[in-house]
Amino acid sequence: MNVVVIGAQWGDEGKGKIVDFLANDADVIIRYSGGANAGHTIVIGDNQYALHLVPSGILYPNKTVYLGTGMVIDPEALFKELAMLKEKGIDWEGRVFISDRAHIVLPRYRELDKQRDAQRKKPIGTTGRGIGITYSMKSDRDGIRLADLTWKDKMEELEQEDRDFLAPYTERLLSMKVNLTAEMYKLRSKHVLMEGAQGAMLDLDSGTYPYVSSGMSCSSGAAVGAGIGPRALDRVLGVFKAYSTRVGNGPMPTEFDEESQSELYKFVRDTGREYGVTTGRPRRCGYLDLVALRYACQTNSIDGLILTHLDIYDSLDEIEACVAYEIDGKEVTDFPASIEELNRAKPVLRKFSGWKTSLKNCKSYDEIHPAAKAYIDFIEKYTEVAVDIVSVGYDRKETIIRRNPWK
Ligand code: IMO
Ligand code: MG
């Protein structure tokens with residue numbers, strides 16, 4: 001059984017925590033897209049781990065993880081992350097494999113990424129990790145894949161600085177190389193958890209282009225990124241927060257107003273620890289955008305939603321969520337492609353009463369306050385997708401399961 005977990009907003013939805021939680025029942029975990037632009041935080045008791053490339057399942061002592069075909073891998077970042085894991089007592093050796101078709105990020109691409117974004121009239125605000133450059137080299141058919149490291153002619157075509165960079169990593173990378181399609185075939189009766197990065201609204205095709213990342217962060221990307229076909233995906237889960245965040249530039253119709261709502265803005269940012277794991281940038285915060293969430297459900301065939309950060313709203317008297325956009329005097333509920341329309345969109349808000357109680361210690365859905373349940377019920381009705389899991393804190397234990405995705 002193949003279960004896909006994607007971000008259903010603009011990234012940073014809490015995918016790391018959820019993948020770590022679901023990995024308990026998975027045989028293997030595959031990260032299928034993106035690169036070191038991702039930042040997945042996992043909290044286990046007193047320990048906190050920030051992962052960028054390695055799939056979140058690595059923290060379980062015996063699980064095997066794969067870095068998929070759809071990923072772009074910076075060897076320097078990868079081995080730094082693996083060294084960090086080892087230092088924290090995570091024995092990863094023999095458990096981390098990389099698709100032979102995954103592309104490699106070179107330091108030159110990182111520099112180019114930063115330069116090009118700075119030169120843009122309207123910068124995207126990339127993470128500067130060379131992601132866009134590597135994916136464009138790939139589409140331009142000039143990229144370097146893991147499998148190419150043993151291709152003498154190809155290596156000779158590279159600049160000397162690239163060869164010098166790759167040399168100390170080549171042997172280690174090759175020792176982790178697998179044919180992912182063949183692996184997936186062997187794993188066909190197992191529980192495979194497919195971990196997405198970024199989010200539906202940062203997907204190159206269905207996101208808020210050009211303010212997107214360059215990989216396939218959509219659920220279809222899980223098939224491509226793991227070397228299998230779309231019919232092999234059994235369930236798609238979409239993770240979203242009780243509110244919205246976005247890092248970098250681009251439209252965000254429900255962003256709080258930094259002046260008139262400065263208190264709410266600061267409250268959500270600080271309580272939700274909304275600072276980037278990869279770049280440390282403060283995240284933009286706003287109301288839950290149900291127009292965007294429903295669009296994400298539709299573009300990704302989301303079977304079940306996973307709500308995180310619900311506890312951030314614990315102390316508010318009243319909460320609001322966006323149920324439509326007002327654009328040029330018209331109410332719109334289908335997510336527009338036009339960036340200009342999105343920039344003009346004003347959120348139409350619906351009020352919900354707050355629950356004014358801590359949800360942190362709720363162990364089952366029955367224990368959740370009725371006002372919080374009313375918020376969840378509305379989200380389910382609006383999106384026509386059930387909320388299967390609710391997260392009420394950072395720890396693995398602070399997770400309420402309503403429907404087990406493996407069953
Ligand atoms: P996780 O997996 C949030 C954003 C960047 C920028 C845009 C393009 O942690 O949810 P890029 O470097 O990818 O070319 O930048 O995408 N971005 C993310 N935002 N979470 C992420 O990943 C992101 N990965 C990229 O901030 O706006
Ligand atoms: Mg992140």
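**View 1. Residues surrounding ligand 1 in the predicted model.**

**View 2. Polar contacts of ligand 1 (N or O atom pairs within 3.5 Å).** A polar side-chain atom of Ser213 is 2.5 Å from an oxygen atom of ligand 1. The side chain of Asn37 places an N or O atom 2.9 Å from an oxygen atom of the ligand, and Gly39 has a backbone N or O atom 2.9 Å from a ligand oxygen atom. The protein buries 97% of the 550 Å² that ligand 1 exposes when taken alone (Shrake-Rupley method, 1.4 Å probe).

**View 3. The largest nonpolar core.** This set of buried residues (under 20% relative accessible area), joined through side-chain atoms within 4.5 Å, has 75 members, of which Met194, Leu310, Tyr313 and Tyr375 touch the most others. Helix 12 (residues 370-383; a DSSP run of H or I, at least four residues) supplies the largest share, seven residues. Apart from this core lies another, of 54 residues, including Val5, Leu22, Ala36 and Leu193.

**View 4. Surroundings of Leu310.** Beyond four places in sequence, Leu310 touches Ala242, Trp355, Leu359, Ala372, Tyr375, Ile376, Val390 and Ser391 (heavy atoms within 4.5 Å).

**Notes.** Residues are numbered from 1 along each chain as its sequence is written, chains are lettered from A and ligands numbered from 1 in the order written, and side-chain values use heavy atoms, without hydrogens and water. In this predicted model, local features need pLDDT of at least 70 and side-chain atom pairs pLDDT 80 or more, whereas totals for chains, interfaces and linings use all residues.

Definitions and conventions:
A residue is near a molecule or strand if one of its heavy atoms lies within 4 Å of it. A polar contact is a pair of N or O atoms within 3.5 Å; within protein, one must be able to donate a hydrogen and the other to accept it, and residues adjacent in sequence count only if both atoms are side-chain atoms. Buried means under 20% relative accessible area, exposed over 50%, partly exposed in between (1.4 Å probe, protein chains only). Helices (H or I, at least four residues) and strands (E, at least two) are DSSP runs, numbered from the N terminus.
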